[in-house]
Amino acid sequence: MKKIILSVLGGSLLLAAQTNAQTLINGAGSTFDYPAFTKWFEAYTKLDANVRFNYQSIGSGGGLRQLIVQTVDFGASDAPMKDDMIATAPGNVLHFPIVVGGEAVAYNLPGNPKLKLDADIVSGIYLGNITKWNDSKIIALNSGVSLPDLGIVVVHRSDGSGTTFIFTDYLSSVNPVWADTSGKGTSVKWPAAVGIGAKGNEGVAGQVKQLAGAIGYVELAYAKQNNMTYATLKNAAGNFVDPTLDTVSAAMATAKIPDDFRFSIVNAPGDQAYPIAGASWVIIYEKQKKAETGKKLVSFLKWTITDGQKISATLDYAPLPDEVVQRELKVLDTIKY
Amino acid sequence: MNGNATTVKTMEANAAGQWGDRAFKWLTLSMALSIFVLIALIGYELGSGSKLALQKFGWRFLVTNDWDPVNEVFGAVPFIFGTLVSSAIALLIAVPISIATAVYITELAPQWLRQPLITFIELLAAVPSVILGLWGIFVMIPFLSATVFPGLQKWFGFLPFFKGPILGSSMLAGGIIVAIMIIPIITSVSREILRSVPGLQREAAYALGATRWEVTRIAVLSYAKKGLFGAVILGLGRALGETMAVTMVIGNTPQIVPSLFAPGYTLASVIANEFTEATGNTYLSALFELGLVLLGVTVLVNIFAQLLLKTFAGPSVKPQH
């Protein structure tokens, strides 16, 4: 009898030891990254059976706050941390771009003609200065397309989102008036008189699809999956480019990226660079408190920006350019435990 | 001897009963108090969360229109306006429908129809708000903007409420969604109240030669008006705080315009929309203060409604419990 009890005890101790050997990595933040993380976690736990992940997609702002109060091992955000926020963090933080995404400017016009638009027109529409589809500026770029005398309804995201951050970052960088008034952020003040705020990519897509004359910005993957008509945009080099994984990667490859990886790639200078694109970051402390968890986290991050990029590409995130990956790997080697 | 024993027993039973009564009283009291404690805690949390915004904006928060997260200028007026207007529209639509339904079920409907009707209304209450919101976007709004809104504009377009371009997502759409959500609660509570009107009331009225309509009006509705008013207040509480479905159809634009075809924005919606991605401390604090304002608006509207009841309804017999 005693033997049985002992062996049962021993067995359960062994089990406990085994579960202890598993490292749990906690993360929180961006909803934009969530699909990529889900696929990555699934693939990575097959490579390293001793790691478990717990990611709460509570939004970038929430993820950063959790990182600052140190309830998570990493935060994920669609916008880099601002200086004043970094100042409140209890340790030095490092940014690592993990995915890049583009945004399509989708619209709803009778007959769904493919339109060419430039920065002046897009910002003019969102400022409320261009209010009709047959505005002379739009006609000038689209000879041969019959444009209706239809009012433009500007659709934007009502929920705070990284998508809005990237789009307003673009508007701010191409239009000084926009930069001075509304500026860039996850939520901003929208000046156009005829406008609607819709919740989520699906909300914006739904509004644009239903309302003749509507225009809105959605994540590239979303526009593709929903067969929406979107504009070809004139980039900084003066070429008209469609949003694709290649043109978004090109934007990242030609953008100037500082050493702390807090950058913006909107309106990038490359020949084939698509102008409305942005990255999403994982943010971690330079000095990891728990050595074991820290080491596992760093190997996971190294994997996501190398092999993991093939997996995220299947979800329409553009792959990180090689040069950026090499620089990130170097910084990841400087993490202290 | 025998009698004595019984007396002792009863006294013992009484003592035990008294102890039980006391325990019961304290138990219920503590449960009732826990609600006060909960509200006080919510108020305290909201207050401490919004300290930064309170210090920075003071009263201006309650009287200005600007909501600019980038430049950190915040004012709550368009959201208060949107909350009150969408709730008013909802009540305007929901109250007649709900009370008429409740009257039909309790007074007029044949027995075999009652239970199916009640079940359907309860089913409506069980629809999750995000589902109702999606239905709003993909079914209700296209229908409204194709038929109802142009019709309203054609016949009542001279009124400022029905002017301007029809975008679909609008204050009116928001009000209608809220109405759909509060109909079940007002109907169910009203039905219970009408059911509690004693049969003698009705019989007395019939005996006086009243018609069915007169019986319903004098003996039932008039008798139950305080209770019905309470049902409406319950619905109003839901309407003020309703979030997800409203967000999906109201257009989320902080503005104050008379047209109900124009998009609006409510307090609950802006909190739900912007809280997760709010990074700046002032911004976050301003959102907390919106929560505090929502709590305040709810309390004020309730007080106002109680006053209204006292002034206009006059003394009436409360439904028996």
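A compact globule of 321 residues would have a radius of gyration near 20 Å, whereas chain B has 25 Å. The radius is taken over C-alpha atoms, and the globule rule is 2.2 Å times the number of residues to the power 0.38. Along its principal axes, the C-alpha trace of chain B spans about 90 × 55 × 35 Å.

This is a predicted model, in which local features need pLDDT of at least 70, side-chain atom pairs count only at pLDDT 80 or more, and totals for chains, interfaces and linings use all residues. Residues are numbered from 1 along each chain as its sequence is written, while chains are lettered from A and ligands numbered from 1 in the order in which they are written.

Chain B contains 13 helices and two strands; helices (H or I, at least four residues) and strands (E, at least two) are DSSP runs, numbered from the N terminus. Of the 321 residues in chain B, 37% are buried. A residue is buried if 20 or more other C-beta atoms lie within 10 Å of its own, exposed if 12 or fewer, and partly exposed in between, with C-beta atoms placed from the backbone. Among contacts in chain B with a separation of 6 or more, 77% join residues 24 or more positions apart. Two residues are in contact if their C-beta atoms, placed from the backbone, lie within 7 Å.

I turn now to the interface. Here 32 residues of chain A are in contact with 25 residues of chain B. On the chain A side, helix H3 (60-68), strand S7 (195-198) and helix H9 (200-210) each give two or more residues. That side divides into eight nonpolar, 19 polar and five charged residues. Ala, Val, Leu, Ile, Met, Phe, Trp, Tyr, Cys and Pro count as nonpolar, Asp, Glu, Lys and Arg as charged, and the others, Gly among them, as polar.

Next come the strands of chain A. Strand S1 (residues 23-29) runs parallel to strand S2 (residues 51-56), and six bridges join them; two strands pair if DSSP finds at least two bridges between them. One bridge sets A:Ile25 against A:Phe53 in S2(A). Between S1(A) and S2(A) the chain passes through helix H2 (residues 34-47), and this β-α-β crossover is right-handed. That is, with the strands pointing away from the viewer, the path from the first strand over the helix to the second runs clockwise. S1(A) is also parallel to strand S3 (residues 74-77), through three bridges, and A:Gly27 stands opposite A:Phe74 in S3(A).

Elsewhere in chain A, three strands form an open sheet of mixed pairing, in the order S5-S9-S10. Strands S5 (116-117) and S10 (240-241) stand at the edges with a single partner each, so one side of each lacks a neighbour in the sheet. S9 (residues 232-234) and S10(A) pair in the antiparallel sense over two bridges.

Helix H7 (residues 162-174) of chain A has 13 residues, and 11 of them are buried, including A:Phe165 and A:Asp169. At 1.5 Å a residue, H7(A) should span 18 Å, and its end C-alpha atoms are 18 Å apart, which agrees. The expected span is 1.5 Å times one less than the number of residues.

Why is A:Val154 classed as buried? A:Val154 is buried because 24 other C-beta atoms lie within 10 Å. This residue is found in strand S6 (residues 153-157) of chain A. Beyond its neighbours within four places in sequence, A:Val154 is in contact with residues including A:Ile125, A:Ala192 and A:Ile215.
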